[in-house]
Each structure stands twice: as structure tokens, then as C-alpha cells.
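Grab a pencil and work through these exercises with the structure open beside you. Each task comes with a solution that goes step by step.

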Amino acid sequence: MNKKLSPYLKIGRATELSGSDYVIYRALEILPGSLAWITLFLVFYSSYFYPVYTSYFIITFSVYWILKTIYLSVHLRHNFKRVKTNLSINWKERIEHMKYDHIRHLVLLPYFNESEEVVEKSLTALLDAHYDPKKLFVVLASEEKAGKEASDIGKKMEEKYKDIFGAFLLTVHPKNILGEMPGKGSNIAYAAEEARLKILNKLSIKYEDVIVSAFDIDSVAYKDYFNCLTWNFLIHPTPLKVSFQPVPFYNNNIWDAPALSRVAATSSTFWQMIQQERPEKLATFSSHAMSFKALYDINYWQVNMVSEDSRIYWNLFIANDGNYEVVPISYPVSMDANLDVSILKTLVNIYKQHRRWGYGCENIPYIIFNFIKNKNIPFGKKLSATFVQVEGFWSLSTNPLIIFLLGWLPVIIGGTHFNTSVLSYNLPFVTRDLMLMAMLGLIFSAWITLSFLPPRPNGYKKHRTAFMVLQWLLFPINVIIFSAIPGLESQTRLMLGKYMGFWVTPKHRK
Amino acid sequence: MESKPLSKRKRYFYLSVCVIAFFILSPIVAMYATGYRFGDKYEVMKTGGMYIVTQAKDFNVLVDNVPQKSSSIFRRNFLVQDIKPNTYDVKVTKDGFMSWTKKVVVYPEKVNEMYPFNLPETIDMIEIPKTVMSPVFSNGTTTLKKKETENKEFVYVKNLFFATTTKDVLIKNKISNTTSTLDQATSTVSRKKIAIENIANEIFVEWFGDEDSIPLYFCDLDKCLKRMSIYKGENINRSELFLDRNDLVIFSTKDGIYVTETDGRGGRNIQPIVMGDYDFRIDEDGTLYLKKDDKTFYRVDLKS
């Protein structure tokens with residue numbers, strides 16, 4: 001670390017503060033949940049007392065929703081073409097014309113209790129990549145808490161791959177470290193420091209020349225991922241002031257995952273694709289990359305909170321006084337869609353995973369609090385970032401409920417007088433028709449899904465391909481049950497001070 | 001080759017188009033939902049509608065003698081909308097059933113709800129015999145014999161008409177009361193906060209729930225009456241809510257048994273069930289029984 005860090009840079013929750021700082025941070029923790037609940041309460045309240053105005057609001061909101069859908073679809077379409085193009089580019093050839101021999105990739109693969117098959121697939125994917133494995137430093141980051149079985153898998157992988165990559169390090173994150181929350185953040189922060197001491201320092205590698213890819217254990221790099229990442233790193237004027245965000249595909253097991261899991265996973269992919277076209281709204285998500293130097297300067301990931309993937313971006317943004325951004329590389333990495341031994345377990349896992357993602361709202365108090373403390377960040381950037389985050393999480397937990405469930409509320413509780421109005425009769429039909437128009441965009445979604453699908457495995461019948469299209473009829477269910485409700489739950493938990501811990505998504509392969 | 005994100009210029013363009021579209025579309029959709037439509041000369045005008053709930057399938061709805069739609073198993077309710085504010089003749093018909101007609105006033109931005117009723121032209125009255133023949137097996141033989149025994153249904157129906165129960169007393173008390181005392185409303189003459197009273201050959205219906213939830217058939221536009229007279233005649237013996245309908249009243253006079261509606265907008269329909277000096281009872285299962293001359297009882301099948 002060569003930078004004096006703000007004492008507030010690594011706050012995890014209000015209870016770590018005292019006095020007025022505690023009060024402010026706690027109030028900010030209450031903010032996202034209270035906004036969502038006030039919105040939902042107001043919809044009920046106004047539907048009962050002011051059904052006419054509420055109906056106009058719902059109609060206007062539906063128009064807003066459909067236009068927003070169209071607007072975002074334009075972004076999705078553009079990114080779809082960009083990803084297609086990027087997949088067709090020979091990135092190796094591109095970087096051949098550049099000086100890149102000094103660049104090394106540090107790949108962090110944290111795991112907990114995943115199977116040997118899952119761990120090995122990620123390692124073999126690194127070997128399959130069109131990149132010199134000797135320039136890849138692989139850290140397999142295990143947890144002491146995971147026990148002997150996980151440790152044995154690590155040792156087996158180390159034995160098998162230690163001489164193939166430029167370096168291979170098996171780390172074991174100790175359990176029960178005071179002040180740490182068990183989870184990915186604390187594991188990879190430990191692994192990164194171990195890699196610095198045992199690989200980078202030992203080999204005298206400059207930190208500025210190392211690009212860290214923080215993967216999940218199921219992350220499978222596409223062939224040209226490292227070439228593409230290297231190219232983006234090299235052409236950027238300030239590569240130490242940016243993180244790089246690939247597009248998360250969930251193709252590893254997509255043919256085996258149930259329809260709701262596929263829709264949930266692909267919807268996440270689509271959202272990330274849309275955000276790739278709006279880089280000013282983009283924060284790092286899931287598998288992401290950045291320079292080791294930037295990471296080292298802020299002492300790696302936070303170890304005391306859940307959403308380490310997005311928080312690391314905000315850590316860097318604040319530590320660099322707002323002079324930090326995310327570069328969307330529009331190149332995919334593939335991961336697992338939710339899949340467990342039974343459909344019910346899979347559905348529960350989807351819910352829990354989305355609740356964890358929804359708990360990214362813990363960034364809101366963090367960001368605003370640090371914006372208050374840091375006077376060097378331009379006000380415009382503070383305002384913009386705050387609005388994007390607050391609006392984003394508010395939309396996540398309330399908009400689908402308003403659109404798909406509460407649109408009928410004035411008709412149900414608006415009273416006799418309102419129920420005799422033409423407006424009352426038309427409201428359900430108008431909102432339904434607007435939603436159906438918005439749902440037409442799902443045809444486009446289905447088309448994109450098909451074009452990024454891996455080949456249908458042998459023995460899988462053709463109707464499975466048809467299901468990949470028909471699955472999008474489940475979108476309204478998905479957006480309520482696996483997006484709005486878990487989002488609302490996580491915001492409520494934060495609001496009530498019932499802080500969440502890190503939940504490891506089970507990885508299962510058929 | 002598209003390797004850069006969508007340019008800010010393009011994004012602002014798309015955003016601007018969407019924002020403009022929002023400000024144009026929102027009021028248009030809101031006005032459409034409120035009932036605004038283009039008139040014959042492309043002038044913008046407010047329209048209203050009517051909502052007609054038929055009682056079963058295959059009923060035809062006519063507005064000013066123009067056929068609208070017919071009810072089906074899946075669709076008994078019709079919303080006739082986009083109509084100019086005016087008075088319309090609405091008729092609901094079906095072969096073998098009495099017609100229901102009403103003059104319906106359509107107000108701008110309002111929907112008039114109507115619940116037509118159409119009784120069968122010929123009522124299926126099944127006489128309930130006093131006795132029935134029951135099979136009896138003789139001792140030691142397999143010969144089947146029949147013996148005349150008392151009909152349980154006859155006894156049940158007779159009790160409905162003649163038993164002096166607490167219920168009857170309460171009804172009598174209620175009928176003899178000249179002022180509306182809602183707290184005394186009995187379970188028989190009141191249902192779902194609606195009380196029926198027969199005072200000096202005039203039938204009143206009264207709503208004793210809160211004003212916000214008063215049924216629409218107590219109202220004309222925004223004016224609602226919590227108590228209103230629905231029929232005045234001679235020799236009214238008995239009145240009750242009709243079967244499971246809260247907007248229909250069945251009553252008996254010396255001339256016959258009739259059904260009329262609470263909804264007085266555009267004239268009340270009155271349809272006879274049977275002509276003549278009959279009395280009636282509706283049991284807790286909703287079955288209608290008739291009595292003639294104190295000794296003959298009928299079960300009425302009104303299923304359409």
C-alpha cells in the first residue's frame with residue numbers, strides 16, 4: 001500500500017461507526033428499504049383515497065415502462081452486435097502489434113465446497129484460452145472452513161497444474177478472523193496478498209503490469225478473454241484508474257438448468273449487456289478485472305460485507321476521488337446458471353442468489369456516506385452516482401410490483417364511485433395492453449438467447465431449443481419472484497439492521 | 001466494426017425520442033382510458049359506457065335494437081363503451097325467457113352497470129306429493145311390495161310454511177314496524193346489509209352498510225338513496241330477496257308471485273313467476289317452494 005486511505009473507505013455497516021457517523025450511516029442504511037416501502041404504501045394509500053389520480057399515475061408509469069423497455073432494448077441490441085463482433089475478432093493478432101510481453105494476468109479462483117469437476121473446468125478453460133499459460137498466475141483460493149474435502153481438491157489441482165501456468169498458488173483462507181465476514185471478499189483479499197508475497201514479489205513483477213481477474217470458481221474464460229482484456233488494458237490512457245467488466249454469460253450448464261433458472265440468469269446477462277452501453281452507470285459485477293496496482297493501493301477487497309464485486313469499484317472510485325471508471329469490454333465469460341439436485345432447490349437458490357445481489361443496496365449508504373466525507377469528488381459525479389444507485393435499487397424492488405401486480409389496485413379498493421367510471425373499467429385493459437406491447441421485446445430477447453447458446457449437447461432433443469424461446473413467457477413471474485421480492489427483502493433487512501452474510505451459490509453439474 | 005459502446009450522441013438522441021414520446025403518449029393514453037374519443041367530425045368528445053351482466057349463457061344484448069353480443073359459458077359480462085352520452089333502450093332477451101328492458105342513461109366518463117334478470121316464460125312447478133310408495137320386503141319371502149308412506153319433503157315444506165318459528169315472529173315484528181329500525185333487522189329479511197320491508201303494501205329496500213360501499217343499484221350517477229320504495233300495490237303478503245340476488249325482490253300478492261328489481265333507473269322490470277293466489281318460501285339452500293290452498297305444495301325449478 002502506498003496511499004493514505006480514508007478511515008471510512010472500508011466501512012461495512014453502521015455498527016462499525018459511532019456518534020454522529022453512526023447515526024448518518026444508519027439513516028442511509030434505512031434509506032433504500034424505506035423508499036421502497038413508502039412507494040408501495042403510497043400506491044395502496046392513493047389507490048384507496050385518490051383512485052383517479054393513482055390510475056393516471058399507473059397509466060403514465062406504464063407508458064414510462066414501455067418506453068424505458070424500448071430505450072434499453074436499443075442498448076441491448078447494440079451490445080449484442082458488439083459482443084458478436086468482439087467474439088469474431090482475432091484479439092491475439094491485435095495485441096501482437098503491441099508491446100505486451102510485460103503484462104501478466106493474475107487469475108483468482110475462490111472456491112468453497114464446489115466439486116472437482118467445477119474447479120477443474122475453470123482451470124482447463126484457462127489452458128484452452130488463446131493465451132500463453134506461462135503469463136497466467138493462477139491462485140486457487142480455498143477456505144479453511146470448507147474442510148478437508150475442499151482442501152484435497154485444491155491439492156490435487158495444484159499437483160496437476162503447478163508446472164503448466166506461470167505460477168500456481170493454492171491459498172487457504174483461515175477461518176474465524178476477527179472483523180471478517182466469511183465470503184468471497186475476504187477469501188480473495190487474502191489470496192491477492194498471498195499472491196503478491198509469493199508470486200509477484202518473488203518474481204519481481206511490477207504491480208502495474210499485472211491485471212487481476214477476480215473470477216468465481218465456475219467462471220470459464222472464453223478463448224480470447226485474456227487477449228481482449230490485455231488489449232483494453234494497453235490501449236487505455238489510464239489503465240490503473242479503470243476496472244474491466246466482461247459480460248457474464250451463464251452458458252456452462254444452460255442446457256441442464258430449468259426454465260426459470262435460465263430466464264433469471266439470462267435476464268442478468270441482458271442487464272449487464274445494457275449496462276455495457278452505459279458505462280457511466282456501470283459498476284463491477286461478478287467476474288471482473290483491474291490492475292493489481294490499483295487493488296493493492298486500497299488493500300484489496302473489503303472483507304466485512306457481502307457485495308464485494310461491486311463494492312471494490314466504489315472503493316476505488318472513492319479512493320481515487322471519483323477519478324475511476326469501469327470499462328465495458330463486451331467480451332463474455334461464462335458461468336453456471338443456478339442448478340441443484342431438484343427444481344425446488346434450484347428455485348430456492350435462485351431466490352437466495354438474487355437476494356444476495358439485491359443486497360448490493362448496502363453500497364448506497366457506503367457511497368453517500370463517503371461522498372459526504374470526501375470533498376475532492378466533484379459534486380456532479382456524486383449526484384449522478386447517488387441517483388443511479390438509489391433509482392436502480394428502488395426500481396428493482398418496486399417497479400415490477402407496481403406494473404404487474406398493483407396496476408389493478410384502484411379498481412379493487414378504489415370504492416363504488418370510482419368503479420362506475422370509464423377509467424376504472426379501462427385501467428386493467430390499458431395497462432395489460434401496454435405490458436403486452438412491452439413484452440413483445442421478449443421476442444428479441446429470445447432471439448439473442450438463441451444466438452449465444454452453446455451447441456445443443458448430444459442426446460438433447462430438438463424441443464429443448466424451442467423451450468429456450470418459450471421460456472421467456474415466464475419473464476413476468478421471474479421479474480416479480482426472483483427480482484422484486486428478493487430485492488425488497490434485502491432492502492428491508494438492511495433497513496431493519498438485520499444484516500446479511502455471504503451465501504455461496506451451490507454449483508451442481510448434471 | 002462496432003467495438004465501442006453506443007455513443008453519447010446516439011444515446012441522447014434515443015433518450016430524447018423516448019422523452020418526447022412519453023410526453024405525447026401519456027396524456028393520449030390517459031385521455032383514452034378516461035373515455036375521450038374522436039367524434040363524427042373528428043372532434044374530441046367524452047364518451048361513457050354500460051356494463052351488462054347477464055345471468056347465464058345465450059342471452060342477447062340489444063342497445064337501441066342493435067344487437068351487441070351474446071353471452072357464453074365464458075363470458076356473461078359485456079362492456080359496451082365508446083358511446084355518446086345519451087339515453088339508450090337496452091334489451092336482454094332469450095327464447096323462452098321474459099325480456100328485460102330498461103332506458104339507460106349514459107353519462108360522460110361513467111359506466112352504468114346493469115344486472116338484468118330474465119325469468120322463464122313457463123315455470124317448471126313440481127308438485128310435492130303428500131305420500132310416496134316405498135318398497136317393502138315381506139318376511140321370509142323375496143316378493144317386493146309397495147307401501148304408501150309419508151313424503152319427507154312434503155313434511156319439510158309444510159313446516160316451512162306453517163311452523164311458527166322465532167324467524168316468523170321476527171318477520172312479523174319487522175313488517176308491523178312502521179319505522180326503519182335497522183338494528184332489529186332480522187336475518188331473514190336482511191342479507192348482506194340489505195333489508196326488505198313491507199309496510200302497508202309498499203315494499204322498501206334499505207342499505208344499512210356504510211355509504212362508501214353502497215351498491216350501485218341504490219344510486220343514480222352520484223346520488224344514492226339508502227332507503228327507497230320499490231313497489232306499491234295491494235294485498236302484498238310477503239317479500240324477500242330473491243334467491244342469491246341482492247338486487248332482486250320476490251313478493252306475493254293475491255294475484256300472483258312476482259320478482260322485481262331494486263334498481264329503479266330507467267324503470268323497474270317486474271316479471272311474474274306464477275299467477276294466482278300462492279304463497280312462497282325460500283329455504284336455506286335457496287330452493288323456492290310455492291303453496292296453493294294450504295294443502296298443495298310445489299318446488300320451482302328456475303334454472304335457465
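## Exercise 1: a serine and its partners

Setting aside neighbours within four places in sequence, A:Ser62 touches A:Ile403, A:Thr431, A:Leu434 and A:Met435. Here, two residues are in contact if their C-beta atoms, placed from the backbone, lie within 7 Å. Before going further, some housekeeping: this is a predicted model, where local features need pLDDT of at least 70 and side-chain atom pairs count only at pLDDT 80 or more, while totals for chains, interfaces and linings use all residues. Residues are numbered from 1 along each chain as its sequence is written, with chains lettered from A and ligands numbered from 1 in the order in which they are written.

**Task.** Work out where A:Ser62 sits, and whether A:Ser62 is buried or exposed.

**Solution.** 
- Step 1: find the element. A:Ser62 belongs to helix H2 of chain A. Helices (H or I, at least four residues) and strands (E, at least two) are DSSP runs, numbered from the N terminus.
- Step 2: count neighbours. A:Ser62 is buried because 24 C-beta neighbours fall inside 10 Å. The cut-offs: buried means 20 or more other C-beta atoms within 10 Å of the residue's own, exposed means 12 or fewer, and partly exposed is in between, with C-beta atoms placed from the backbone.
- Step 3: check a distance. A:Asp433 is 371 residues away along the chain, and its C-alpha atom is 9.7 Å from that of A:Ser62.

## Exercise 2: another residue of that helix

**Task.** How far apart are A:Lys84 and A:Glu208 in sequence and in space?

**Solution.** 
- Step 1: A:Lys84 is in helix H2 of chain A, and A:Lys84 counts as partly exposed because 14 other C-beta atoms lie within 10 Å.
- Step 2: compare the two separations. Between A:Lys84 and A:Glu208 there are 124 residues of sequence separation and 30 Å of space, C-alpha to C-alpha.

## Exercise 3: two helix pairs

Two packed helices are described by the angle between their axes and the distance between the axes.

**Solution.** 
- Step 1: take H2(A) and helix H8 (residues 259-276) of chain A. Their axes come within 8 Å and cross at roughly 90°, so H2(A) is roughly perpendicular to H8(A). Axes are lines fitted to C-alpha atoms, for helices over the stretch in contact, and angles run from 0 to 180 degrees between N-to-C directions. Angles under 35 degrees count as roughly parallel, over 145 as roughly antiparallel, 65 to 115 as roughly perpendicular and the rest as oblique.
- Step 2: list who meets whom. A:Leu72, A:His75, A:Leu76, A:Asn79 and A:Phe80 of H2(A) face A:Phe270, A:Met273, A:Ile274 and A:Gln276 of H8(A). This contact has six nonpolar, three polar and no charged residues. Ala, Val, Leu, Ile, Met, Phe, Trp, Tyr, Cys and Pro count as nonpolar, Asp, Glu, Lys and Arg as charged, and the others, Gly among them, as polar.
- Step 3: turn to helix H11 (residues 343-358) and helix H19 (residues 475-496) of chain A. Their axes come within 8 Å and cross at roughly 55°, and H11(A) and H19(A) are therefore oblique to each other.
- Step 4: look at the residues. On the H11(A) side, those meeting H19(A) include A:Ile350, A:Tyr351 and A:His354. By class, this contact of H11(A) with H19(A) splits into four nonpolar, six polar and two charged.

## Exercise 4: where the chains touch

**Task.** Which element supplies the largest share of the side of chain B that touches chain A?

**Solution.** 
- Step 1: size up the contact. 31 residues of chain B are in contact with 30 residues of chain A.
- Step 2: find the contributors. Helix H1 (8-34), strand S3 (48-53), strand S6 (77-83) and strand S9 (111-114) of chain B each give at least two residues to this side.
- Step 3: H1(B) gives the largest share, 11 residues.
- Step 4: sort by class. The side of chain B that touches chain A has 17 nonpolar, eight polar and six charged residues.

## Exercise 5: a positive phi

**Task.** Is B:Tyr42 buried or exposed?

**Solution.** 
- Step 1: read the backbone. Phi of B:Tyr42 is near 60°, a positive value in a residue other than glycine.
- Step 2: locate the residue. B:Tyr42 is in the loop between strand S1 (36-38) and strand S2 (44-46) of chain B.
- Step 3: count. B:Tyr42 is exposed because 6 other C-beta atoms lie within 10 Å.
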